Amino acid sequence: GTKLMKPFPCEGDPLDDRCRNERIPQGGYVSGFPEVALTPETALLCDENINIRLGKNTETVCPNDPTCKKCARNYNETKRLLEHFHQGDNERRDRLQKWFPIPKGKESRDIIVCSVNFGQLYLFLNWACSCWKNQVFDVRLYTWIIPTDTKTYNALVALGFNAEPLDWMSNGTKIRLSSKYTGSANSGPHAQINSIAAFASNFAVQMGFYTLLMDVDMVFLHNPFPWLHRSAERRDVLGMYSPRSDNYGFMNSGFLFFVPTEKTKILLESYENLCLIKSISDQQLWNVVIRHYSFRQLTQRILPRQLFFSLWRSAEKYGYNPNVTKVLHTVSVRKASRLVAINQWHFNDKCPFWDKSANDEAIRYNLFIVGTKERP
């Protein structure tokens with residue numbers, strides 16, 4: 001008789017993400033993806049023979065150290081943040097299950113992850129007000145917000161947001177992130193706040209949530225989730241377009257939608273590890289990581305610019321249309337004044353998310369002045 005052979009792993013559907021658990025006889029995953037997360041020692045991001053440097057680059061240049069660690073000025077501080085963040089994982093998991101219950105009959109649900117200090121709270125609350133004004137959804141049902149100072153935490157809790165308690169930061173990290181924002185891009189506590197958001201996003205994805213990691217300088221004109229889910233079929237990551245030819249492109253790290261596949265989980269665990277070598281720019285680091293040869297099997301999509309719009313220069317010239325555009329991301333400086341100019345500033349005392357102290361903080365640093373750099 002004919003001896004029956006065991007079917008080759010994933011023979012029916014080689015692109016099925018679930019096939020990563022099936023091992024071929026020689027070992028390794030069918031998908032060709034790393035079995036464990038990368039670290040500075042295994043990614044070697046500062047080795048020019050492995051990673052191509054595209055134009056302006058400040059994150060992966062470190063002579064004589066391919067791990068980048070010797071040149072990582074925030075390495076020890078970020079390592080402490082990461083270690084202390086994960087010390088509360090058990091309680092955090094319970095909180096998220098309570099805050100974001102999965103509907104009956106569903107395997108997962110959407111969650112939005114942000115991190116913010118008091119100086120940028122006015123931007124976050126303008127996003128919340130945009131969702132209210134444009135009748136998108138109640139942001140409190142979707143948003144896990146990680147504040148980095150007491151004033152921000154108290155304000156968010158008073159407004160009904162699911163805000164991560166600050167005990168993990170005050171329990172021995174010996175790190176105090178500034179609560180100020182003076183309007184400059186990539187300055188002050190920006191790098192560490194974005195690292196914390198990356199840690200939280202990784203945690204949410206590991207729990208199985210469809211996770212939208214976004215900066216706080218957003219406006220939602222329409223609900224993006226139906227479109228994101230249609231585009232996420234058989235993909236791992238969707239990201240807003242960054243029209244640059246250097247390491248700041250091709251994907252804008254300020255708006256990333258993660259499908260909780262096994263590949264995404266390994267990618268984000270790797271990105272979390274590699275945040276240790278970041279100096280300032282999470283966008284540079286993110287684009288270097290997703291270009292890494294280990295992640296060539298990652299399935300990704302750049303979101304259409306007219307629908308997911310980076311508001312930088314002339315809005316109309318680059319396709320902004322309030323009837324079509326779903327999301328506005330106010331990149332660079334003069335954020336509030338540019339949103340005012342196109343009638344997308346909604347943070348005022350008519351909005352249920354109004355907070356006078358956040359508005360006063362923005363006024364203090366001249367963040368509403370039109371036609372000037374947002375500096376004190």
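Predicted model: local features only at pLDDT ≥ 70, side-chain atom pairs only at ≥ 80, totals over all residues.
Local features require pLDDT of at least 70 and side-chain atom pairs pLDDT 80 or more, while totals for chains, interfaces and linings use all residues. Residues are numbered from 1 along each chain as its sequence is written, and side-chain values use heavy atoms, without hydrogens and water.

The largest nonpolar core holds 58 residues. Such a core is a set of buried Ala, Val, Leu, Ile, Met, Phe, Trp, Tyr and Cys residues joined through side-chain atoms within 4.5 Å. Buried means under 20% relative accessible area, exposed over 50%, and partly exposed in between (1.4 Å probe, protein chains only). Phe124, Trp127, Phe161, Phe220 and Phe255 have the most contacts inside this core. Helix H4 (residues 121-133) gives the most to it, with nine residues. Helices (H or I, at least four residues) and strands (E, at least two) are DSSP runs, numbered from the N terminus. A second, separate core has 53 residues, including Val237 and Leu298.

Beyond its neighbours within four places in sequence, Trp127 is in contact (heavy atoms within 4.5 Å) with several residues, among them Ile112, Val219 and Phe220.

Three strands form an open sheet in the order E5-E10-E9, with mixed pairing. Strands E5 (218-220) and E9 (308-311) are at the edges; each has a single partner strand, so one side of each lacks a neighbour in the sheet. Pairing requires at least two DSSP bridges between two strands. E5 and E10 (residues 327-330) pair in the antiparallel sense over three bridges. Val219 has Leu328 in E10 as its bridge partner.

Arg234 lies in the loop between helix H8 (225-231) and strand E6 (237-241). Arg234 counts as partly exposed because its relative accessibility is 48%.
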